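My notes follow in the order I took them.

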Amino acid sequence: MKLNGKLDYLELPATGGALDSVKSFYSAAFSWSFTDYGPTYAAFAEGLDGGFQADAGEAPAKPLPVLYSESLEETLDAVESAGGIIVKPIFAFPGGRRFHFTDPAGNELAVWGH
């Protein structure tokens with residue numbers, strides 16, 4: 001049952017012919033699967049929680065999707081092997097550790113774990 005105001009869906013850009021490369025990247029790096037809805041849209045169902053960052057020095061300029069990993073080092077290797085670009089190497093933050101990367105469409109995401 002959905003609740004009013006619940007963050008329910010995250011849509012990321014994959015323009016400029018990047019859709020196939022983005023799907024390949026997330027499949028290789030994170031084992032995501034996709035449902036295609038025509039030639040220009042692919043949906044995924046991989047879970048969603050969220051938070052807001054009020055520290056101006058830490059806050060991203062735009063929304064930052066954050067994925068979870070049980071092994072950051074292995075996931076970082078998988079991201080690089082799949083063609084992701086690491087933009088912030090693994091660092092500690094209150095609650096765990098994380099790194100940031102860009103995907104083939106230029107979207108910045110982070111991966112966190114303990």
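I set the cut-off before looking anything up: buried means under 20% relative accessible area, exposed means over 50%, and partly exposed lies in between. I also note that this is a predicted model.

**Entry 1: Gly113**

I started with Gly113, which is found in strand 6. Is Gly113 buried or exposed? I read 1% relative accessibility, so Gly113 counts as buried. I then listed its contacts, leaving aside neighbours within four places in sequence. Gly113 is in contact with Tyr68, Ser69, Leu72, Gly96 and Arg97. I also checked Leu67. Gly113 and Leu67 are 46 residues apart in sequence, with 8.7 Å between their C-alpha atoms.

**Entry 2: overall fold**

I stepped back to the whole chain. I counted two helices and six strands. In what order do the elements run from the N terminus? I wrote down α-β-β-β-α-β-β-β.

Next I looked at the dimensions. The C-alpha atoms fill a box of roughly 40 × 40 × 25 Å along the principal axes.

Buried residues make up 27% of the 114 residues. Among contacts with a separation of 6 or more, 46% join residues 24 or more positions apart.

Then the surface. The protein exposes about 7,800 Å², and carbon and sulfur atoms supply 54% of that area. I counted 7 positive and 15 negative side chains. The centres of the two sets lie 5 Å apart.

**Entry 3: helix 2**

I turned to helix 2, residues 72–81. Which of its residues are buried? I found Leu72, Thr75, Leu76 and Val79. They cover an arc of only 105° around the axis, so they sit on the same side of helix 2.

What covers the buried residues of helix 2? I found that the cover includes helix 1 (19–30), strand 4 (85–93), strand 5 (96–102) and strand 6 (108–113). I then looked at the face turned away from the buried side. That face carries the exposed residues Glu74 and Ser81.

I followed the chain past the helix. Ala82 lies in the loop between helix 2 and strand 4. At 24% relative accessibility, Ala82 counts as partly exposed. I listed its contacts beyond four places in sequence: Phe25, Ala28 and Ala29. Ala82 and Val22 are 60 residues apart along the chain, and their C-alpha atoms are separated by 9.8 Å. Gly83 also follows helix 2, and its phi is positive, near 105°.

**Entry 4: helix 1 and its ends**

I went back to the segment before helix 1, where Ala18 is placed. Ala18 counts as buried, because its relative accessibility is 7%. I checked one distance from there. The C-alpha atoms of Ala18 and Ala29 are separated by 16 Å, with the two residues 11 apart along the chain.

Inside helix 1 I picked Lys23. Is Lys23 buried or exposed? I noted 16% relative accessibility, so Lys23 counts as buried. Not counting residues up to four places away, Lys23 touches Phe34, Asp36 and Ala42.

Then I looked at Ser31, in the loop between helix 1 and strand 1 (35–36). Its relative accessibility is 63%, so Ser31 counts as exposed. I logged its phi as well: near 60°, a positive value in a residue other than glycine.

**Entry 5: Phe91**

My last stop was Phe91, found in strand 4. How does Phe91 count at 25% relative accessibility? It counts as partly exposed. Leaving aside neighbours within four places in sequence, Phe91 is in contact with Gly96, Arg97, Arg98 and His100. Phe91 and Val66 are 25 residues apart in sequence and 14 Å apart in space, C-alpha to C-alpha.

Conventions:
Residues numbered from 1 in each chain as written. Predicted model: local features only at pLDDT ≥ 70, side-chain atom pairs only at ≥ 80, totals over all residues. Heavy atoms only, no water. Buried < 20%, exposed > 50% of the residue type's maximum accessible area, 1.4 Å probe, protein only. Helix = DSSP H or I, 4+ residues; strand = E, 2+ residues; numbered from the N terminus. Arc of directions from axis to C-beta. Contact = heavy atoms within 4.5 Å. Areas by Shrake-Rupley, 256 points an atom, 1.4 Å probe, with all protein chains shown as cover. Lys, Arg positive; Asp, Glu negative; His and termini not counted. Charge placed at Lys NZ, Arg CZ, Asp CG, Glu CD.
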